[in-house]
Amino acid sequence: MIHFVLLVSRQGKVRLTKWYSPYTQKERSKVIRELSGVILSRGPKLCNFVEWRGYKVVYKRYASLYFCMCIDEDDNELEVLEIIHHFVEILDRYFGSVCELDLIFHFHKAYYILDELLIAGELQESSKKTVARIISTQDQLVEAAKEEAGSISNIIAQATK
Amino acid sequence: MNPFSSGTRLSDMIRAIRASKTAAEERAVVRKECAAIRASINENDQDYRHRDLAKLMFIHMLGYPTHFGQMECLKLIASPGFPEKRIGYLGLMLLLDERQEVLMLVTNSLKQDMNHTNQYIVGLALCALGNICSAEMARDLAPEVERLLQFRDPNIRKKAALCAIRIIRKVPDLSENFTNPAAALLKEKHHGVLITGVHLCTEICTVSPEALEYFRKKCTEGLVKTLKDIANSPYSPEYDVAGITDPFLHIRLLRLLRVLGQGDAEASDCMNDILAQVASKTESNKNAGNAILYECVQTIMSIEENGGLRVLAINILGKFLSNRDNNIRYVALNMLMRSLTVDSQAVQRHRATILECVKDSDASIQKRALELIYNLVNENNVKPLAKELIEYLEVSEQDFKEDLTAKICSIVEKFAPEKIWYIDQMLKVLSEAGNYVKEDVWHALIVVITNASDLHGYSVRALYRALQASSEQETLVRVAIWCIGEYADLLVNNTGMLDLEDPITVTESDAVDIVEATIKHHTSDVTTKAMALIALLKISSRFPSCSERVKSIIGQNKGSFVLELQQRSLEFSSVIQKHQNIRSSLVERMPVLDEATFSGRRAGSLPASVSTSGKSSIGIPNGVVKAAAPLVDLLDLSSDDTPAPTSSSVNFLQDLLGGDLTQPSAQPGTMQPSNAGADILLDLLSIGSPAPVQNGSGSTNGDLLSVQHNNAPIASIDTLSSMSPTAPSSMMDLLDGFGPTPPPKSVTTEDKAPAYPSIVAFESNSLKIEFNFTKQPENLQSTDIVATFTNLTPNVYTDFLFQAAVPKYLQLHLDPASSNSLPANGNIKQTMRVTNSQRGKKPIVMRMRLGYKIDGKDVLEEGQINNFPREL
């Protein structure tokens with residue numbers, strides 16, 4: 001299973017973290033510090049796996065961002081690389097050639113997408129299209145709710161004028 | 001409205017944080033925002049709750065504390081609208097984890113939302129449950145999840161399946177409820193549901209053997225067919241990855257088949273064809289294809305034997321291993337490791353390639369490969385493999401050296417065909433990476449050297465050469481110095497020259513030179529220097545002509561700031577100066593160290609109870625001699641080191657000894673002498689200033705004993721202690737060299753003419769405590785008490801703890817007991833010292849409390865001890 005997902009920028013800034021196993025706040029920051037140190041310092045041609053405290057961390061760099069997933073020792077590392085790529089492609093499709101800034105200013109959107117892709121540290125959906133569809137439906141629900149709220153407050157505002 | 005909360009939007013805050021040039025500036029922005037959010041929370045401001053939580057999540061990601069926002073998540077989750085719930089659940093998953101109490105409050109909301117008419121709200125609840133549910137929540141909500149596994153919309157079914165996985169992980173007992181619905185999911189067409197369903201079945205199989213059997217019977221064929229369909233399916237753009245339809249589904253199916261096929265020939269047989277097809281037809285030029293092949297190979301290696309398939313699998317791994325892509329090579333090594341138990345012959349065939357991987361520039365691959373090589377070594381290939389690894393040691397990265405060194409040492413030790421080879425290899429390792437060699441490893445080397453009497457000369461000469469070449473590696477220096485001290489004569493006389501050796505001329509002064517250089521070398525630490533001092537002392541006796549020079553070198557350390565060195569220097573100087581007559585016997589060669597004892601100690605296989613009295617040991621005269629000899633030696637060394645009464649000095653001692661041999665070990669009867677040794681130490685410690693003197697006497701005494709007993713057929717403890725009175729003559733002699741003569745002190749407690757009768761301090765049905773008393777003539781206020789706890793029952797007492805309390809006019813110092821477990825009908829000892837400031841006026845009284853466990857049950861006994869002899 002995937003124990004956590006971590007997105008770190010080349011400068012070591014955290015862009016997204018998702019924990020599927022219990023880690024306390026203290027442990028989390030320790031893990032992040034430790035791992036970003038190890039992963040950011042690895043050369044470009046090396047393999048994408050780092051053995052770490054009895055687990056394996058599979059990471060892949062996309063532009064300025066490192067996508068890392070921590071898995072059990074006997075999980076399929078190559079598959080996790082595919083999952084990472086899958087995630088990136090969905091992000092790319094959603095944001096339209098995604099960049100780091102998208103993930104900073106719309107970090108919650110990135111989380112929503114991740115939640116449609118993984119639950120309990122396991123893959124939920126292998127179709128990019130399905131994920132995109134579910135996300136956009138939910139976005140529409142939010143928009144609709146906003147409009148409604150807007151119109152009600154307009155009515156009230158006008159009524160009280 | 002609150003003046004703060006109306007403030008910034010989320011993106012404004014992020015911008016402000018990003019614009020901060022320093023960490024302090026960032027903190028200030030965050031502090032301001034947090035203050036605003038708190039204020040808004042306090043006002044229970046509904047309009048901005050949504051935005052505040054989003055801000056908090058961002059702040060949380062930066063690593064700032066955000067616990068005050070946890071309740072806001074719950075409020076948002078409880079509100080009716082989808083947008084509020086969506087952000088609320090996200091916040092819940094981000095800010096909380098399953099161990100927080102607050103989480104329990106959300107159970108009810110979750111339950112309601114799982115019954116909501118809006119399926120997306122159901123989805124949110126399932127997602128949160130799957131990501132952070134605790135065992136309690138799992139129990140409460142399992143029925144809801146079970147129901148949702150049959151929900152009309154596939155989007156919910158797949159989420160429910162993953163929730164079920166989490167629930168089973170938290171509470172394996174619940175797997176029963178999910179078995180049937182999970183089996184139903186295997187017939188799904190929707191890939192998302194199928195993927196999660198297959199995974200759920202796999203998870204259930206790992207916790208429930210009955211379910212495994214059920215799936216094996218009912219589902220194997222269906223799964224094989226599903227895999228066949230998906231493997232043969234035409235191009236489908238929705239699931240295509242690099243020309244393969246849904247590799248994720250492939251992999252999960254293969255994994256479930258593996259679980260089903262393991263240990264069941266029929267099921268394995270059923271899947272042979274499709275595995276062969278996947279293994280041979282899958283494209284291996286893209287990562288996705290390789291991921292499937294990797295999973296397929298694992299399945300083939302795990303299910304029941306099928307020769308042809310195994311060959312196919314091993315060939316795939318061979319191809320992987322020669323791949324240029326590091327990822328592929330890494331997984332190949334990983335897989336070979338797992339195949340080792342199945343087919344080690346096939347793995348051996350790739351040895352050369354694996355060895356190359358050890359030298360890879362990628363640390364992850366190096367580590368894997370080294371691990372694999374380590375497991376591949378056997379008696380037949382140890383020589384070439386060790387040679388390769390040691391050669392690589394020279395050029396390897398610093399970070400890798402520690403691991404590599406440990407593995408080489410272990411291989412060499414385990415599979416060495418002959419001692420000389422072992423010594424040679426260890427020498428190479430020490431010269432190359434001695435600083436990475438662990439204590440027990442070089443201790444073991446010394447033990448082996450002492451046991452190989454025909455190689456003493458060879459070893460010392462080789463070490464001498466190595467030390468001449470380089471003195472950078474601390475452990476090399478230590479081993480070399482130790483051997484030079486012991487075998488200096490063999491070094492100079494070229495005794496026991498082997499044919500393969502190059503002749504070497506070492507004069508007596510060369511030997512002294514090299515030891516002197518070590519003492520003076522800036523990198524040598526205290527232990528090394530202390531060992532060098534001992535070596536010098538030994539050399540001075542081996543080569544009387546160098547005696548003067550040795551004396552001056554030793555003398556140079558008289559002013560050392562390090563107490564240890566200063567003391568050794570002082571003591572050794574007087575040995576050289578005043579006690580020529582006993583010096584040679586004092587520094588005799590160490591008797592052969594007992595290999596069995598050492599390896600036993602090393603393995604930590606110390607028997608729990610050692611105090612089975614000296615009686616039995618007398619019965620086996622020959623057995624005891626061997627055990628007793630190193631022991632006595634130990635004592636002498638350990639008493640050498642005792643001056644600093646700290647535990648570190650004790651460790652230090654052990655270092656010196658070149659082993660952990662000191663400890664009482666498997667040999668019955670060894671306990672007592674070491675106990676006696678400890679007593680001496682204790683006495684010494686308490687004396688105060690003249691301690692070193694006493695110490696010296698202790699050591700001499702031990703040594704004398706060892707000399708006297710070396711040839712004695714029986715050297716059991718009892719004899720040892722009874723012999724000790726013969727020592728005093730020479731002991732006194734020695735003492736006068738050290739300054740003011742302290743009153744002579746007998747060595748063992750038995751000899752101390754028990755001026756005070758022993759008492760039975762406590763007796764019950766299960767336990768007896770006896771106290772023995774001794775007093776130092778120079779300090780009559782203090783009494784040393786040896787408490788003997790005797791177990792009167794056939795049960796073992798564990799976690800034994802004796803506590804004592806005394807009135808104010810007494811001072812009590814309690815040492816640790818000889819063991820914290822009291823064997824059946826056995827005994828343990830504990831020493832304590834009571835100082836009676838009102839001696840003569842008031843007697844000693846003591847309250848005591850005993851705690852121990854019998855079969856895990858706590859037992860507590862208390863009592864007061866009033867029957868101390870009045871004159872104490």
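The accessible surface of chain A comes to about 6800 Å², with 54% of it on carbon and sulfur atoms. Accessible areas here come from the Shrake-Rupley method with a 1.4 Å probe, and for residues only the protein chains shown count as cover. The model is predicted: local features need pLDDT of at least 70, side-chain atom pairs count only at pLDDT 80 or more, and totals for chains, interfaces and linings use all residues. Residues are numbered from 1 along each chain as its sequence is written, chains are lettered from A and ligands numbered from 1 in the order in which they are written, and side-chain values use heavy atoms, with hydrogens and water left out.

## Chain A

Of the 161 residues of chain A, 58% count as buried. Buried means under 20% relative accessible area, exposed over 50%, and partly exposed in between (1.4 Å probe, protein chains only). Among the contacts in chain A with a separation of 6 or more, 45% come from residues 24 or more positions apart; a contact means heavy atoms within 4.5 Å.

Chain A has five helices and seven strands. Helices (H or I, at least four residues) and strands (E, at least two) are DSSP runs, numbered from the N terminus. Along the sequence the pattern is β-β-α-β-β-β-α-α-α-β-β-α.

Strand β1 (residues 2–9) of chain A runs antiparallel to β2(A), and five bridges join them. Two strands pair if DSSP finds at least two bridges between them. Within this pair, A:Leu6 has A:Thr17 of β2(A) as its bridge partner. The hairpin of β1(A) and β2(A) has four residues between the strands, and A:Gly12 takes a positive phi near 90 degrees there. Strand β2 (residues 14–19) of chain A is mostly covered, with six of its six residues buried.

## The interface of chains A and B

The size of an interface is often given as the accessible area lost when the parts come together. Chain B and chain A bury about 5800 Å² between them, 56% of it on carbon and sulfur atoms. Buried area is the accessible area (1.4 Å probe) that two parts lose on being put together, summed over both. B:Met61, B:Arg86 and B:Phe248 supply 13% of the area that chain B buries against chain A, more than any other three residues. In terms of contacts, 69 residues of chain B meet 64 residues of chain A.

## Salt bridges

A salt bridge is a side-chain nitrogen of Lys or Arg within 4 Å of a carboxyl oxygen of Asp or Glu. The count comes to 46 salt bridges over all chains, and nine are found across the interface of chain B and chain A. The table gives some examples.

| Pair | N to O distance |
|---|---|
| B:Arg255 and A:Glu79 | 3.5 Å |
| A:Glu116 and B:Lys159 | 2.7 Å |
| B:Lys367 and A:Glu51 | 3.4 Å |
| A:Glu89 and A:Lys128 | 2.7 Å |

B:Arg255 and A:Glu79 form a salt bridge. B:Arg255 lies in helix α13 (residues 247–261) of chain B and A:Glu79 in helix α2 (residues 77–95) of chain A, so this pair joins two chains. B:Arg255 counts as buried at 15% relative accessibility, and A:Glu79 is buried with a relative accessible area of 3%. Both residues belong to a network of salt bridges that links A:Glu79, B:Arg252, B:Arg255, B:Arg258 and B:Glu295.

A:Glu116 and B:Lys159 also form a salt bridge. A:Glu116 lies in helix α4 (residues 107–117) of chain A and B:Lys159 in helix α9 (residues 154–170) of chain B, so this pair joins two chains. Both A:Glu116 and B:Lys159 are buried.

Another salt bridge, between A:Glu89 and A:Lys128, has both partners in chain A. A:Glu89 lies in helix α2 of chain A and A:Lys128 in helix α5 (residues 128–160) of chain A, so the pair ties together parts that are 39 residues apart in sequence. A:Glu89 counts as partly exposed at 30% relative accessibility, whereas A:Lys128 counts as buried at 13%.

## A sheet in chain B

Strands of a sheet pair through backbone hydrogen bonds, either parallel or antiparallel. In chain B, an open sheet of three strands has the order β6-β9-β10, with antiparallel pairing. Its edge strands are β6 (797–805) and β10 (857–865), each pairing on one side only. Seven bridges join β6(B) to strand β9 (residues 846–854) of chain B in the antiparallel sense. The bridge partner of B:Leu801 in β9(B) is B:Gly851.
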